[in-house]
Amino acid sequence: MSDDLIIGKKRFRSKFILGSGKFSLDMTRKVIESGGVEIATLAVRRVNPDGRENVLDYMPESVTLLPNTSGARTAEEALTIARLARELGCGDMIKIEIIRDTRYLLPDNAETVRAVRLLAEDGFTAMPYMMPDLTAARDMAAAGAAAVMPLAAPIGSNRGLLTGDFIKMMVEEIDLPIIVDAGIGRPSQACEAMEMGCAAVMANTAVATASDVPAMAAAFRMAIEAGRKAYLAGPGRVLKDRGEASSPLTGFLGE
Amino acid sequence: MSYRAPEDACEYMPRMEVVDGSLMESVLEAERSFDPGAYTSADVLRALSSDRLGPYDFGALLSPAAVPYLERIAEKARRITREHFGNSVCMFTPIYCSNYCDNRCVYCGFNRDNKIKRARLTPEEVEVEMSNIASTGLTDILILTGESRIHSDVEYLAMCVRTARRHFESIGLEVYPLNSGEYRYLHECGADYVTVFQETYDPARYEQLHRGGAKRIFSYRFNAQERAVMGGMRGVAFGALLGLRDDWRRDAFSCGMHGYLLQRKYPWAEISYSLPRLRPCSSHWEDDNAVGEKDLLQVAMAYRLFMPFAGETISTRELPRFRDGIVNICATKISAGTSVRIGGHSDVKDQGDGQFDLSDTRDVEEVRTALRGMGLQPVFNDYVRSDR
């Protein structure tokens with residue numbers, strides 16, 4: 001049975017989404033190769049058509065681009081950026097990022113729901129970055145999201161699955177791919193997110209700030225694959241600290 | 001609407017907008033309780049070990065007690081910069097459009113009493129200059145003028161911004177403080193960022209140094225960033241011209257707090273700090289309060305640890321060695337191909353004199369190569385206009 005990651009009409013083998021913009025462009029190809037990456041995000045604002053240090057010039061043909069709307073503060077600004085991405089040939093998959101807080105860079109869920117609707121109506125495959133809030137995720141699904149991307153911890157913090165319990169609720173309740181985005185600091189944390197049933201993991205800072213960037217991308221690839229296998233295998237029961245009663249409480253039943 | 005802080009160097013002039021003064025009161029209050037000499041090694045180590053720094057920790061990093069720990073602070077500053085910005089360094093250049101000035105600031109080359117060659121670019125010259133700058137590949141420009149509402153009025157600034165709109169993505173202004181309605185107008189013309197240096201945050205010293213012109217009004221200048229944000233600007237930059245006052249640590253502390261408190265009030269505002277220190281200029285200003293490279297680095301690193309998400313711009317007043325060193329630790333934006341002369345990007349005009357002397361004359365390509373050589377990623381474009 002195929003175990004592809006399905007987003008909108010596209011299918012992917014790899015479940016490791018790589019961020020860009022935090023390591024040198026010259027390294028892009030090598031990092032993508034060693035991570036087995038099929039989807040790479042990029043900030044549309046870093047695209048410099050016909051200009052210098054243009055991120056698009058460094059992305060291998062094989063990779064599917066996932067442009068993000070970083071810099072957008074409103075749904076309308078997100079739409080402007082998405083349309084620019086389309087004009088630039090980045091395709092229709094868009095990671096919606098709407099942020100009105102420059103300190104923590106936390107996403108604005110309410111405005112993001114509005115943006116999902118606007119972008120979906122415009123034909124985009126909308127993938128909203130969000131605070132893991134089940135109600136907001138349902139609203140995003142209803143507005144036409146193709147996947148939802150809850151944060152594990154504040155972006156760039158490398159602090160791991162701080163919001164794990166809330167992401168798990170989304171995994172159980174939302175019939176869309178749940179892609180953990182932001183805050184994953186180590187491969188073991190990515191593995192844990194995949195064991196929980198997340199469809200994919202996106203990492204950027206954790207890879208970009210490693211001493212050996214391509215080697216860290218490879219480590220993430222393996223961890224994400226391991227987590228996925230474990231999820232599919234169905235993790236066994238974990239015994240609690242206290243043992244379980246040897247004579248069952250329901251043992252009195254006679255019929 | 002009758003607010004007047006006792007620290008005002010002089011009364012507001014007609015048509016100067018009055019805004020709520022709580023931000024300035026909070027910054028001045030914070031500085032009054034800042035005692036650089038009271039910190040100990042333990043305070044510095046505590047600041048170094050915490051994830052989120054408060055004003056007290058920020059003060060510790062600026063204090064003399066932090067000096068023995070500069071290398072450790074640098075390691076942490078670099079790590080935090082990489083986490084927030086990756087290895088990216090944005091490139092831009094300033095364009096000086098006019099050097100006429102109405103003010104009498106004793107330390108400044110543009111002082112109206114100085115006998116320097118004055119000039120102002122015509123609209124055609126602005127077009128030529130900007131076109132030349134754009135041909136270097138830069139997409140981010142900072143428009144500067146001397147502070148003259150007569151020679152560079154708001155319509156003149158609007159002309160410069162509209163011209164820039166045709167050549168650049170990101171447009172900043174470093175001009176005299178304006179009212180929020182004027183900022184809104186210039187924002188609608190295409191400007192998104194505003195830089196205003198408070199110079200010194202000591203109202204008494206400020207009054208001594210700013211002897212004439214609208215700039216004498218301390219609080220009107222102080223509230224410029226707030227009015228800019230009220231006018232719709234996306235980002236604002238802060239700067240204290242270190243060395244104007246007996247203790248640069250106090251000005252650095254206030255400047256850091258100014259950005260910190262403004263962002264708390266307007267959480268969406270993009271904050272950045274500029275890192276100027278006094279350099280020799282044609283005013284023959286004799287400074288006794290010299291700020292060394294080590295001091296400037298200490299300030300820059302303290303800003304980084306206190307405000308991890310804030311941009312930091314390093315001036316062309318500094319030497320290439322220092323600028324390259326500081327972008328490797330905490331600065332996130334660097335100018336290149338700079339000319340501080342009026343008409344310095346073309347041969348359109350008998351050039352007007354500059355405000356200060358440059359210490360880094362490298363062109364865009366040289367700075368780009370230097371950044372790449374250090375394993376950093378030069379960024380030419382980092383902005384999508386919302387009015388596309």
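**Notes on the predicted model**

1. B:Arg149 sits in the loop that runs between strand 2 (140–145) and helix 6 (154–167) of chain B. The model is a predicted one. With a relative accessible area of 38%, B:Arg149 is partly exposed. Apart from its neighbours within four places in sequence, B:Arg149 has contacts with B:Asp102, B:Val154, B:Tyr176, B:Pro177, B:Leu178, B:Asn179, B:Glu182 and B:Tyr220. B:Met233 is 84 residues from B:Arg149 in sequence, and their C-alpha atoms are 20 Å apart.

2. Over all chains, the structure holds 16 aromatic pairs. The ring centres of B:Tyr12 and B:Tyr220 are 5.8 Å apart and the planes stand at 85 degrees, so this pair is edge-to-face. Because B:Tyr12 is in the segment before helix 1 (22–32) of chain B and B:Tyr220 is in helix 9 (residues 218–222) of chain B, the pair ties together parts 208 residues apart in sequence. B:Tyr12 and B:Tyr220 are both buried.

3. A further pair is formed by B:Tyr260 and B:Phe306, whose ring centres are 4.7 Å apart with planes at 35 degrees, so the pair is tilted. The pair links distant parts of the chain, with B:Tyr260 in helix 11 (residues 248–265) of chain B and B:Phe306 in helix 12 of chain B, 46 residues apart. Both B:Tyr260 and B:Phe306 are buried. They also belong to one aromatic cluster, together with B:Phe34, B:Tyr39, B:Tyr56, B:Phe58, B:Phe238, B:Phe253, B:Tyr273 and B:Tyr303.

4. How do helix 4 and helix 12 of chain B pack, and at what angle? Helix 4 (residues 70–85) and helix 12 (residues 293–306) of chain B have axes 9 Å apart, at an angle of about 45 degrees. The two helices of chain B, helix 4 and helix 12, are therefore oblique to each other. Helix 4 of chain B passes helix 12 of chain B in a left-handed crossing. From helix 4 of chain B the contact takes in B:Leu70, B:Ile73, B:Ala74, B:Lys76, B:Ala77, B:Ile80, B:Thr81 and B:Phe85, which meet B:Lys294, B:Gln298, B:Met301, B:Arg304 and B:Leu305 of helix 12 of chain B. By class, the residues of this contact are eight nonpolar, two polar and three charged.

5. In chain A, helix 6 (residues 187–195) packs with helix 8 (residues 213–233) at an angle of about 25 degrees, and their axes are 7 Å apart. That angle makes helix 6 of chain A roughly parallel to helix 8 of chain A. Their crossing in chain A, helix 6 past helix 8, is right-handed. On the helix 6 side of chain A are A:Pro187, A:Ala190, A:Cys191, A:Met194 and A:Glu195, and the residues they meet in helix 8 of chain A include A:Met216, A:Phe220, A:Ile224, A:Arg228 and A:Tyr231. The contact of these two chain A helices, helix 6 and helix 8, has 12 nonpolar, one polar and two charged residues.

6. Two backbone angles deserve a look. A:Glu53 has a phi near 50 degrees, a positive value in a residue other than glycine. A:Glu53 is placed in the loop between strand 4 (39–43) and strand 5 (64–68) of chain A, and is buried, with a relative accessible area of 7%.

7. Phi of B:Glu199 is likewise positive, near 70 degrees, in a residue other than glycine. B:Glu199 is in strand 4 (residues 193–199) of chain B. B:Glu199 has 7% relative accessibility and so counts as buried, the cut-off being under 20%.

Technical notes. Residues numbered from 1 in each chain as written. Chains lettered and ligands numbered in written order. Predicted model: local features only at pLDDT ≥ 70, side-chain atom pairs only at ≥ 80, totals over all residues. Heavy atoms only, no water. Axes fitted to C-alpha atoms, helices over the stretch in contact; angles between N-to-C directions. Helix = DSSP H or I, 4+ residues; strand = E, 2+ residues; numbered from the N terminus. Parallel < 35°, antiparallel > 145°, perpendicular 65-115°, else oblique. Left-handed = near helix turned anticlockwise from the far one by under 90°. Contact = heavy atoms within 4.5 Å. Nonpolar A, V, L, I, M, F, W, Y, C, P; charged D, E, K, R; others polar. Phe/Tyr/Trp six-rings, centres within 6.5 Å; stacked < 30°, edge-to-face > 60°. Buried < 20%, exposed > 50% of the residue type's maximum accessible area, 1.4 Å probe, protein only.
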